[in-house]
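Let's take a friendly walk through a structure together. Have a look at the picture first, then read on.

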Amino acid sequence: MALAASGHAGDGRVTGASSRRAPSWATVLALVAAAVWVLPYAWMVVTSLKPLDEIARDPTAPLPARPQLDAYREVFAQLPVARYTLVTVAVAVAIGLLQIALALPAGYALAKLRFVGKKTAFGLVVACLLVPPQVTFVSVFLMFAKVSLTNTFGALVLPFAASALGTFLVRQALLSVPDEIIEAARLDGASELTIIYRILAPLLRPTLVSVFLVSFVYHYSDYFWPLVMTTDDTVRTLPLGIALLKEPGSGVRWHVVMAGNVILSLPVLALFAIAQRHLIRGVAGRA
Amino acid sequence: MRPRARSHPWLMLGPSLAAWILFVFVPLGLAAYQSLFAWDMLTEPEWVGAANYAALAEGGELWRILGRTLGFSVLVVAGSMTLGLLLALLLDRPGRLFAFVRGAIFSAYVVSWVAVALLWVLLLDPDRGVAAAVLRALHLPRVGFLSDPAAAIPTLAGVTVWKITGYAMIVFLAGLRAVPRSLHEAAALDGAGALARFRWVTWPLLRPTAAFVATTSLIVSFQAFDVVRIMTGGGPARATTLFVYAVYEQVFMNLSVGKASALAVVYFLVLCVLAALQLRAWRSRPPGTRGTAA
């Protein structure tokens, strides 16, 4: 995995060093860094394959003497993993799609239209970037509780329907789309919505893919919001379920917790391996 | 000249604005309003004016939370920026090994906080953890990474740095790639060594990137919650009760909406002040003098 990272494309460009070959100290340091970031994952997998008595006897043995999948069976027996995963993926996909659907017209208005109050509107978008959900969750929870919407899909999705960051990125991308395309479409009688969703959206594909992926990864992994907005099992998400495997008092069974960790992390790591380029653009593109 | 749009721009902004008003601005106002009441969500709210703020300030709890969170943030921002920049400089090289290491480091940023927090609870476990085994092997004293109040914040900061350094690295890599190669070659011809070239060529051009990374990682570190809730539960002896966890605790454990809202308001104001200060600090030097002051 991860071989095509961040678009180097083998151009041989080396910053701050004139040689084309990496010096050996750089290779050694890179291996050290790899160890710091890869070994913890390896430990997670190793521990998940150990039987409980091995963990009790020799918790830091580098490899399981009798590797087995009992811990995974236990996770599946203890938690409705399939349902939690389904809920989590549905929430993350719904948020990603809504963000794109709303960011396109908003970004279009901010990038391509002239109107009174445009600066104010743009200021509002930037202001929203400054207000994390951690500031608003108490009030939003009480609002949802008032209309009995806690423990619903809506409580997990709707607060994230509009993304300030997504709107901002769509606007930036649209600034480099020539106005002639829009004018030609208007002359052909296209409505504004046709222009936005049929003509501009395909042109913005890379941006939209990045926005979706960054949002998907964030909300698939999110722990804070589902924890706050749910009090029972109806729309429990996978990160919450996995965290429940290590509840104080239950006597931590680390092989089960780590098996849960692997189940939680694998889909994201797989997505990352496939779509690393888009994710990195989505993250670095904010700069 | 652009022809007039056929539907009004505010209509296109409408759905997004509606969502932001409902889920950002109204809740902000509501938090400010609720902070003036004593309310346990069971009985009727009771007007208390600024008493919630006074109560939080009086016992010193507010300042302790603020100090703790700031300390944590300083560690996280300094750690992840330094490490991210060094790794970016180290790994900005062609070849499969470097690409793999870049990917491995960034992958931690993508993986769930839950997974990372649980994993590090195990790694740092005083009896079963790998870290403890390493300390034993080196005949170093036992460290209660999560049980010693003095060690807990640096430990959480370390785990957070591990998680988000990949982010800083990726943004710095993008910044490095924007530095024209010809500048490096010119500097090298003038006899500048690698350090001098970083100091006088790379760093001045990287400053805007650094400002961006600093601001975003500050905001991320100020939002820390998952590591606290999963790794320490705010303890030991409240040593890791950071801002967001304190708000959570007030509303869901103490059932005190008023105090939780007051804390949330202060939290928001601190966030605004920090963002403004940081922007000012990074903008204070005019472009022509970039990099001339040490």
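## How confident is the model?

In chain A, in which helix is confidence lowest, and in which is it highest? Confidence is lowest in helix H2 (residues 52–57) of chain A, with a mean of 82, and highest in helix H4 (residues 81–112) of chain A, at 95. These scores are pLDDT, the predictor's confidence in each residue, from 0 to 100. Over residues 1–19 of chain A the pLDDT is below 50, and this stretch has 43 contacts in the model beyond near neighbours in sequence. A contact means that two C-beta atoms, placed from the backbone, lie within 7 Å. Where pLDDT is low, the predicted coordinates should not be read in detail.

This is a predicted model: local features need pLDDT of at least 70, side-chain atom pairs count only at pLDDT 80 or more, and totals for chains, interfaces and linings use all residues. Residues are numbered from 1 along each chain as its sequence is written, while chains are lettered from A and ligands numbered from 1 in the order in which they are written.

## A helix with a bend

Helices are DSSP runs (H or I, at least four residues), numbered from the N terminus. H6 of chain A covers residues 133–146. At A:Ser139, H6(A) bends by about 35 degrees, the angle between axes fitted to the seven residues ending there and the seven starting there. Just after H6(A), A:Ser148 takes a positive phi of about 55 degrees.

## A residue in chain B

B:Ala115 sits in helix H5 (residues 113–123) of chain B. Leaving aside neighbours within four places in sequence, B:Ala115 is in contact with A:Asn261, A:Leu264 and A:Ser265.

Key. Helices (H or I, at least four residues) and strands (E, at least two) are DSSP runs, numbered from the N terminus. The expected span of a helix is 1.5 Å times one less than its number of residues.
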